[in-house]
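Me: I'm new to this one and would like to know where its labels come from. Could you show it to me and take my questions one at a time?

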Amino acid sequence: MSSLNDTYRHKGLRKRLVDDLRRRGITDEAVLTALMTVPRHYFLDKAFEEHAYEDKPFPIGYDQTISQPFTVAYQTAMLEVKARDRVLEIGTGSGYQAAILAVLGARLFTVERQEALYQSAKDLLEQLGYGNVRCYFRDGTKGLLEFAPYDKIIVTAGAPVVPDALKQQLAVGGILVIPVGDDVQHMYRIKRLSKSEYQEDIFEAFRFVPFLEGVQKKS
Ligand code: SAH
């Protein structure tokens, strides 16, 4: 992990990144403020600290990556998070996206299938004082039934299909944001209109690490 020291230099680099995201079409000021607030370098290995404010994904171990800031901003804006929304994130990874959602006031439940990542993200989020984040070591293709329904659900891995469990765990009026596809994924926004009706809208293409079934224990 990087040192938990947020210097003027880090803040300056972060401001440049946020200005760049605004130029690239992210217009949601609450989301941009959240990206300005959360030190992304805390969520990266020391080896990548210098690059934390480049708009790129980076390895976090176990063949996984922290998403690119543009992707984090894009998905977060699509979720339309309001303070006190109950939000489920699938794919905790580094914990960065979770921290962004926490800053926006979500009551966040986040699920990770890699035990080692689950443990390190949980420890870091606790250390940083994000008390409104609850971490679970689970297979997120099943959602997190015991705390459903959720106002919002975000999936941060590329899904071959939309798991039915996630649609079922959405509150009426709720929004699911999920990248769907095999090699390349299109961002889907699925709104639950009633108990049985959903509205699906399809947006831009992205490339995510795969959404995998089952859990992976620490060896
Ligand atoms: N939101 C993360 C992105 C991590 S990459 C961040 O901000 O860093 C996607 C993560 O999804 C990986 O850590 C991967 O292990 C996890 N993942 C993939 N399939 C999953 C599943 N079925 N359930 C839970 N997590 C899953």
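Reply: One term to start with: contact means heavy atoms within 4.5 Å. Helices (H or I, at least four residues) and strands (E, at least two) are DSSP runs, numbered from the N terminus. This is a predicted model, where local features need pLDDT of at least 70, side-chain atom pairs count only at pLDDT 80 or more, and totals for chains, interfaces and linings use all residues. Residues are numbered from 1 along each chain as its sequence is written, and side-chain values use heavy atoms, with hydrogens and water left out.

Me: What do the buried residues of H5 pack against?

Reply: They pack against strand E1 (58-61), strand E2 (64-66), helix H4 (96-103), strand E4 (107-112) and strand E5 (133-137). Among the buried ones in H5 are Leu-117, Tyr-118 and Leu-124.

Me: Why does Val-133 count as buried?

Reply: Buried means under 20% relative accessible area, exposed over 50%, and partly exposed in between (1.4 Å probe, protein chains only). Val-133 has 12% relative accessibility, so it counts as buried. This residue lies in strand E5. Leaving aside neighbours within four places in sequence, Val-133 touches Ala-98, Ala-102, Leu-108, Thr-110 and Leu-125.

Me: How do you know that the span of H5 agrees with its number of residues?

Reply: The expected span is 1.5 Å times one less than the number of residues. For the 13 residues of H5 (residues 115-127) that should give 18 Å, and the end C-alpha atoms are 18 Å apart, so the two agree.

Me: Why is H1 called roughly antiparallel to H2?

Reply: Axes are lines fitted to C-alpha atoms, for helices over the stretch in contact, with angles from 0 to 180 degrees between N-to-C directions. The axes of H1 (residues 8-23) and H2 (residues 29-37) come within 9 Å and cross at roughly 155°. That makes H1 roughly antiparallel to H2, because angles over 145 degrees get that name, under 35 count as roughly parallel, 65 to 115 as roughly perpendicular and the rest as oblique.

Me: Which residues of H1 and H2 meet?

Reply: In H1, Lys-11, Arg-14, Lys-15, Val-18, Leu-21 and Arg-22 meet Glu-29, Leu-32, Leu-35, Met-36 and Thr-37 in H2.
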